[in-house]
Amino acid sequence: MKWIDTHCHVHFNAFQEDMDEVVERNLTEGVGMLTVGTQSTTSANGIKLAERYEGVWCSIGLHPNHVHAQQFHDVNELPKEDSQSANDAKQEQIKTRSESFDADYYKTLVNHPKVVAIGECGLDYYRIPEGADEQQVKHEQWNECKSQLEFASKYNKPVIIHCRDAHLDQYTLLKEVIDQGGLIQRGVIHSFTGTLEEAHRYINLGFKLGINGILYFSDELQAVVAELPIDSLLLETDAPYLTPPPNRGKRNEPFRIKEIAQKIADLQAMTLEQVQKTTTQSAHELFGVN
């Protein structure tokens, strides 16, 4: 594959009607993809899809938003314009159920040859369920994340980290596990939107940073990415979410990592081919895919 979308969800319900068509179309575009699990069911379903295709891999894990039951719609996934499509999108809430990381269950999945990472797991302080005790929620997210970092260490897999409004705690937890001899394979900070200081902190710890469509509508992120070494970045779409303009609010697909790559090339004054080659090589090295 010339390109690797290192974080998408092409096995989610958003693709239920045309999943195989979407996967085949993107593979034809030269885009391999890592479809990411977020709970027990989506982790198992990701394997089922990945084993049907060369060029598709998967991860298994528990997203922090699934630690507690809640429902929401991310403002980053809505169209900007005040239109009927925006109003319709606002009705399509994401609903989660409460779940804990069951290592006994996940160990039945982890040795599948298409499983190349653990996650997405991490800390999300942006989403605290209404009426919940904030400190208790944070404590439980920490414990669930730590369990998965230890699981990844045991099975020698890289991790895919979801972190939102929690970078100091996330870094502290990652460093704690690494200092204890874990996470030899390190991993990626998915959908990175932190500061330049936070970026360098993760990079110095040995992590890559996943960059997606948010790059198009965040001046702050553009300023950060312009200053980062290209070999510290991975391309991702988070499909079906985070579609870049002018299609923001519509379903995303893996081929749009080419748009992300072009934006990075513009910011770093390099060619699209340089971005493609370096980020694809980084994906190969981190996840062992080719």
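What share of the 290 residues in the protein chain is buried? Buried residues make up 58% of them. Good morning, colleagues. Please bear in mind throughout that the structure shown above is a predicted model.

I shall begin with the overall architecture. The protein chain contains ten helices and ten strands. Its radius of gyration is 18 Å, close to the 19 Å that the globule rule gives for 290 residues, so the chain is as compact as a globular protein of that length. Along the principal axes, the C-alpha trace spans about 40 × 40 × 40 Å. Turning to contacts with a separation of 6 or more, 74% of these join residues 24 or more positions apart. As for the surface, the accessible area of the protein chain comes to about 12600 Å², and carbon and sulfur atoms account for 45% of that area.

I now move to the aromatic residues. A pair of aromatic rings is described by the distance of the centres and the angle of the planes. Ring centres must lie within 6.5 Å for a pair to be counted, and by this rule there are five aromatic pairs. One of them joins Phe-101 and Tyr-106: the ring centres are 4.6 Å apart and the planes meet at 20 degrees. Planes under 30 degrees apart count as stacked, so this pair of Phe-101 and Tyr-106 is stacked. Both partners fall below the 20% limit for burial: Phe-101 counts as buried at 11% relative accessibility, and Tyr-106 is buried with a relative accessible area of 1%.

Phe-101 also pairs with Phe-151, with ring centres 5.3 Å apart and planes at 75 degrees, so that pair is edge-to-face. The Phe-101 and Phe-151 pair links distant parts of the chain, its members being 50 residues apart. Phe-101 lies in the loop between strand 5 (94-96) and helix 4 (103-106), whereas Phe-151 belongs to helix 5 (residues 134-154). Phe-151, like Phe-101, is buried.

At Tyr-125, the charged end of Lys-138 sits over the ring, 4.5 Å from its centre. At Tyr-126, Arg-164 lies over the face of the ring, at 3.8 Å from the ring centre.

To close, I would ask you to keep Phe-101 in view: this residue is stacked with Tyr-106 and edge-to-face with Phe-151. Thank you for your attention.

Terms used
Residues numbered from 1 in each chain as written. Predicted model: local features only at pLDDT ≥ 70, side-chain atom pairs only at ≥ 80, totals over all residues. Heavy atoms only, no water. Phe/Tyr/Trp six-rings, centres within 6.5 Å; stacked < 30°, edge-to-face > 60°. Buried < 20%, exposed > 50% of the residue type's maximum accessible area, 1.4 Å probe, protein only. Helix = DSSP H or I, 4+ residues; strand = E, 2+ residues; numbered from the N terminus. Lys NZ or Arg CZ within 6 Å of the ring centre and 35° of its normal. Rg over C-alpha atoms; globule rule 2.2 N^0.38 Å. Contact = heavy atoms within 4.5 Å. Areas by Shrake-Rupley, 256 points an atom, 1.4 Å probe, with all protein chains shown as cover.
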